Amino acid sequence: MRLTVIGTGYLGAVHAACMADIGHDVLGVDVDAEKIAALAEGRPPFYEPGFDEVLTRALASGRLRFGTSLREAAVHGEVHFICVGTPQQDGSHAADLRYVDAVVDGLVPHLPASCLVVGKSTVPVGTTARLTARIAGLVPAGVRADVAWNPEFLREGFAVEDTLRPDRIVVGTVGRESDETLRRLYAPMLDAGVPYIATDPSTAELVKVAANSFLATKISFINAMAEVCDAAGADVVTLADALGHDTRIGRRFLNAGLGFGGGCLPKDIRAFTARARELGVGPAVAFLEQVDEINERQRTRTVELARQLAGGDLTNCRVAVLGATFKPNSDDVRDSPALAVAAALHRQGAEIRVHDPEGVANARRTHPELRCEADLLTACQGAELVLHLTEWGQYRELDPVKLARVVRTPVIVDARNALPHDEWRAAGWTVKALGRPAPADRPPAARAGKPLRATIASPAVEADHAALLSPALPTGRA
């Protein structure tokens, strides 16, 4: 089938390449000419495992090309996917649909034949009905443009897998013809046994925001329990393990720590709450405000823990921050809890050195006040405090004995509860984490009077650099 994918950000670029990879003729469209040029040359504008291979394969097949013209898209496509962003409105929790509307306004007047417009962006319930009315006033005479909603369920770091082998496909349509079109389009997935859920557009629109809200609630629940554990001297990890054995609950996403971030979860639950108020059912989802508040509080609690470990004063304290992205296996730093904590520590006077395997360039762009290092050793050299804030596999593979030779003071906050604490303590580290009781740790070096200053690494420490990480893991990307 001839498809257009309008909006080639994270969602759109992956969807376009994957649809071409399964045999469709795809035109990807975006107003960002620089991004389009990069994609057309096979250069992904973001880091996503496996995406570069799919993009290269799709371009080589001749079934994928990119452009900037909605007029060209209108002529090309039988099915038009809307994959643009729906950010939070300035001064409001509601979703900003200006980009969705701009696609409709720029595409529909140029349609030469009847087609199907399919939304994949995360939108407030009722958007399909609103766009159907908008399209009716723009479509040329004799042309019919039906609207369906097909929400995406991509996880950054697993986007290619989630597109080619999703755990379900949800479509909201009005009329049999639109449903049959989407069944043909997704035939390879359906033939492989992927569940296909056909419903009305309103239900389809709600599925994504409801799923994100449930996930956010589960994460904030265990983080609330971590706060209780801190007060009671209990262990949140053991608590989560015990809860996870209950098949009604499950263990996944019961990982207490710094909380969620990124470009979807926080803004989606806020937009859902705002839309519920518009519908007159705000009290039904009022608990999501608490979910959001708990999530934000984890960042504040992490900053406070770091301040306490620094003796109550972060002024000139050198802090190494491990992680800049909001999650591992991505270079996405949107609403990153790690960077939020790093920036808060910087505002309190700390000397911050941020490392990330993939997110350094983006972190430098969004937080120029922070010193970001592509090299992990450089970031940790002379540190008086280390914060583990994004659970990259590379950090779990660190040798705490060798890292202790690099830092000024072996004190670490594992804000993701992902490191082997016993190994780090055995190597002489003071280890702190939210919701975890600790044995009688060796107290960190006193910072009486002037703050401790970083020391210059010795040649022996420099020699340890290559052995610090697993040989199969990169030290970073500038």
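For the charge count, Lys and Arg are taken as positive and Asp and Glu as negative, with His and the chain ends left out; each charge is placed at NZ of Lys, CZ of Arg, CG of Asp or CD of Glu. On that basis the protein carries 52 positive and 59 negative side chains, and the centres of the two sets sit 2 Å apart. The model is a predicted one, so local features need pLDDT of at least 70 and side-chain atom pairs count only at pLDDT 80 or more, while totals for chains, interfaces and linings use all residues. Residues are numbered from 1 along each chain as its sequence is written, and side-chain values use heavy atoms, leaving out hydrogens and water.

Now for the overall picture. The protein has 20 helices and 14 strands, which are DSSP runs numbered from the N terminus (helices are H or I, at least four residues; strands are E, at least two). Its radius of gyration is 25 Å, close to the 23 Å that the globule rule gives for 478 residues, so the protein is as compact as a globular protein of that length. Here the radius is taken over C-alpha atoms, and the rule is 2.2 Å times the number of residues to the power 0.38. The C-alpha trace spans about 80 × 50 × 40 Å along its principal axes.

Of the 478 residues, 54% are buried; buried means under 20% relative accessible area, exposed means over 50%, and partly exposed is in between (1.4 Å probe, protein chains only). Among contacts (heavy atoms within 4.5 Å) with a separation of 6 or more, 73% join residues 24 or more positions apart.

In α8, residues 176–185, the buried positions are Ser178, Asp179, Thr181, Leu182 and Leu185. They cover an arc of only 160 degrees around the axis, which puts them on the same side of α8; the arc is that of the directions from the helix axis to the C-beta atoms. Arg176, Glu177 and Arg184 are exposed on the other side of α8. Asp179 is buried at a relative accessible area of 12%, and, leaving aside residues up to four places away in sequence, Asp179 touches Val171, Thr173, Tyr196 and Ala198.

Helix α6, residues 127–136, buries Thr127, Thr128, Leu131 and Ile135. Their arc is only 90 degrees around the axis, which puts them on the same side of α6. Cover for these buried residues includes α5 (98–107), β5 (115–119), β6 (145–149) and α10 (201–232). On the other side of α6, Ala129, Ala133 and Ala136 are exposed.

Leu254, in the loop between α11 (236–244) and α12 (265–278), counts as buried at 3% relative accessibility. Beyond residues up to four places away in sequence, Leu254 touches Lys218, Phe221, Ile222, Ala240, Leu243, Gly244 and Ile249. Leu254 and Ser220 are 34 residues apart in sequence but 8.9 Å apart in space, C-alpha to C-alpha. Phe253, also in the loop between α11 and α12, is partly exposed at 35% relative accessibility and has a positive phi of about 70 degrees although it is not a glycine. Asn417, in the loop between β13 (411–414) and α19 (421–426), has a positive phi near 50 degrees, again in a residue other than glycine. Asn417 is buried, with a relative accessible area of 16%.
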